[in-house]
Amino acid sequence: MTAVSPLARREARRFHLFVSPWLIGFVLFSAGPILAAVVLSFMQWNLLQTPTWVGFGNYVRMFHDPEFWESIENTVQYGLGSVALGVTFTFLLALLLNQPLRFQGLFRTVMYLPSVVSGLATALLWLNILHPDYGLINKVLASVGVQGPGWLASQEWAIPGLVLMSVWGAGNTIVIYLAGLQGIPKTLYEAAEIDGAGWWRRFWSVTVPMMSPVIFFNVVTGFIAALQSYVLILVMTEGGPGNATMVLGLYIYRHAFVYFDMGYAATLSWAMFVLVIVVTAIQFSLARRWVHYEFK
Amino acid sequence: MLLETAARPARTKPGPSLTSDQAERIRRIRRSGAYILLIISSAVFLLPFLWMLTTSLKSDAENLAFPPQWFPDSFHVDNYVKGWSGSLPFTRFLLNTILITALSMLGNLISCILPAYAFARMRARAAGVMFTALLATMMIPREITLVPKFIMFSKLGWVDTYLPLIVPEFFGVALYIFLLRQFFTTIPQELIDAARIDGASELRILWSVMLPLAKPAIAAICLFSFVGNWNQYLENTIYLRSVEKLTLAQGLGMFNGQFVTQYNQMMAVAIMSMLPILVIFFLAQKTFIRGVTLTGIAGR
């Protein structure tokens, strides 16, 4: 080959050396366990006895498991609610926080604050905020003469209550929006202004299209996170009342670490993987219609 | 952004439609509107914290009162002492948490900077495939690997030790590698070429050229890593068993299981266990927000 070749080979060798910490970790803690999870999903195993091969038994069981389908429904409801509300509300907050106003740093810190509260403290705090009788929200509603719902104590309001909590702790999303807003070139706004665009017009024709890749990022990662989240729900409701907040992650956790039904837990995790992939794929196909990229 | 551009000096305004007096008035109205919205939303965000604080100062009787009282009659600061040095060894939990968090953060830094630099600046045939694999690991639910990892670590005899919580942190975190790589790609090639001409090695370039310029991103990763590990609950609960090995997040959870939940003491401990993160956030915030600005500008 050419004289460049030994140099290129040396660079490739260095690349592999530098990448090796991640590559080893990928094999040990991602690829390996993923393969194991495939095998495991065809077995029945309670950790103590020797695993037995059950073929597609776990998968058949899953398709006939009404609790599984219920958990899928709850997961999708929670995901849609928390992303729809979270993405729009945090976007509006980020717009406000991006204004050149005094105490800007203070306001930003306040909005980020909930993100640093330990999960457990958050859970207990919101158990009290959402309490049907003496909770903060229903107290405020009562003061304006509205009878608040039962929140976590009622079947239909439990998920909306959890959605509210998720929006409260969305500080990271705000930070990502702020990053995007600061990346919009000022010249675009100046040009729009010379063309006589008012601020509402500038918002729709400059801010929203320029921000669409960032909004898209937040929607995609927000959905992935929401579909996978359950730790707070585990602490707060343990899936109740009834099965109203039994999300898929919680259902997997219960089978793996409460019933020690490792094979079925692995099967359920593959269902979660499929759910994440399907939702992400739908978003990517919709994205072509609304996400605007400056450079292709 | 909207208000800021609305407030631009009159020279870019077309035509004689607004006098500078009117423009000034509109600007003022919009600015006070923004303040009002910010103050209202801040209040919504802060209200739960206020409640946390008042709860932590209630007497035991007020703690059990039904319906509950929102404000204590007198402040019981001793809840902080009682909660911390009650039946649960919180000082021990604190030390455990510091140990796990510090080692994990160190591991994250070492194991994310090197691959990020390679992905940003080095060419190799397998690079594309590996980068796709890296991004894919961000999409795979951790539940899938949770069960096999638990089995693997229990076979190794690592259950009830800190090893399952710390060792993997030394092997890279996909999200952090991706974030750092984005930063490294924005640094001008000329700087690297100049260093190469001076005979600097790759490690030297990374250390003296890239790292100082990527300081904001490093600060962000330190913050994410710190907060994540400090509040880690699920994995700690799966792997740690003995009481003396538990962490702050778990200690708070154990308050719940006691005969009568002492919410006042619990909130006092929750506030105390939040303080270290708040200090870190205040210290990192300037570097971090500036970093966010930098990426924005450099990315365009």
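Predicted model: local features only at pLDDT ≥ 70, side-chain atom pairs only at ≥ 80, totals over all residues.
Domain bounds here come from an automatic or database domain assignment.

**Chain B, domain by domain**

In chain B, the assignment gives domain 1 (23-79) and domain 2 (87-297). Taken over C-alpha atoms, the centres of domain 1 of chain B and domain 2 of chain B are 32 Å apart. Where they touch, 12 residues of domain 1 of chain B are in contact with 11 residues of domain 2 of chain B. On the domain 1 side of chain B, the residues that lose the most area to domain 2 of chain B are Met52(B), Asn63(B) and Asn79(B), which together make up 51% of what that side buries. As for specific links, the count between these two domains of chain B is zero salt bridges, though two residue pairs in polar contact do turn up across the interface, both residues at pLDDT 80 or more.

**Chain A, domain by domain**

Chain A is assigned domain 1 (6-44) and domain 2 (59-288). The C-alpha centres of domain 1 of chain A and domain 2 of chain A lie 32 Å apart. Here seven residues of domain 1 of chain A are in contact with six residues of domain 2 of chain A. Zero salt bridges are found across this interface in chain A, while three residue pairs are in polar contact, both residues at pLDDT 80 or more.

**Where chain A meets chain B**

How many residues does the contact take from chain A and from chain B? The contact takes 95 residues from chain A and 95 residues from chain B. Within chain A's share of the buried area, Phe18(A), Trp22(A) and Phe29(A) supply 9% of what chain A buries against chain B, more than any other three residues. Two salt bridges are found across the interface of chain A and chain B. Arg14(A) forms a salt bridge with Glu202(B), the closest N and O atoms being 3.7 Å apart. There are also three residue pairs in polar contact between chain A and chain B, both residues at pLDDT 80 or more.

The size of an interface is often given as the accessible area lost when the parts come together. Here are those values side by side.

| Interface | Buried area | Share on carbon and sulfur atoms |
|---|---|---|
| Domain 1 of chain A and domain 2 of chain A | about 530 Å² | 68% |
| Domain 1 of chain B and domain 2 of chain B | about 910 Å² | 68% |
| Chain A and chain B | about 9000 Å² | 78% |

**Rings and charges**

Now for the aromatics. Over all chains, the count comes to 36 aromatic pairs. One of them is Trp84(B) with Phe90(B), a tilted pair at 5.6 Å centre to centre with 35° between the planes. Are Trp84(B) and Phe90(B) buried or exposed? Both Trp84(B) and Phe90(B) are buried.

Arg61(A) lies over the face of Tyr264(A), 3.7 Å from the ring centre. In chain B, Arg181(B) lies over the face of Phe131(B), at 4.3 Å from the ring centre.

Terms used:
Residues numbered from 1 in each chain as written. Chains lettered and ligands numbered in written order. Heavy atoms only, no water. Phe/Tyr/Trp six-rings, centres within 6.5 Å; stacked < 30°, edge-to-face > 60°. Buried < 20%, exposed > 50% of the residue type's maximum accessible area, 1.4 Å probe, protein only. Lys NZ or Arg CZ within 6 Å of the ring centre and 35° of its normal. Contact = heavy atoms within 4.5 Å. Buried area = accessible area lost by both parts, 1.4 Å probe. Salt bridge = Lys/Arg side-chain N within 4 Å of Asp/Glu carboxyl O. Polar contact = N/O pair within 3.5 Å; in protein donor to acceptor, adjacent residues only side chain to side chain.
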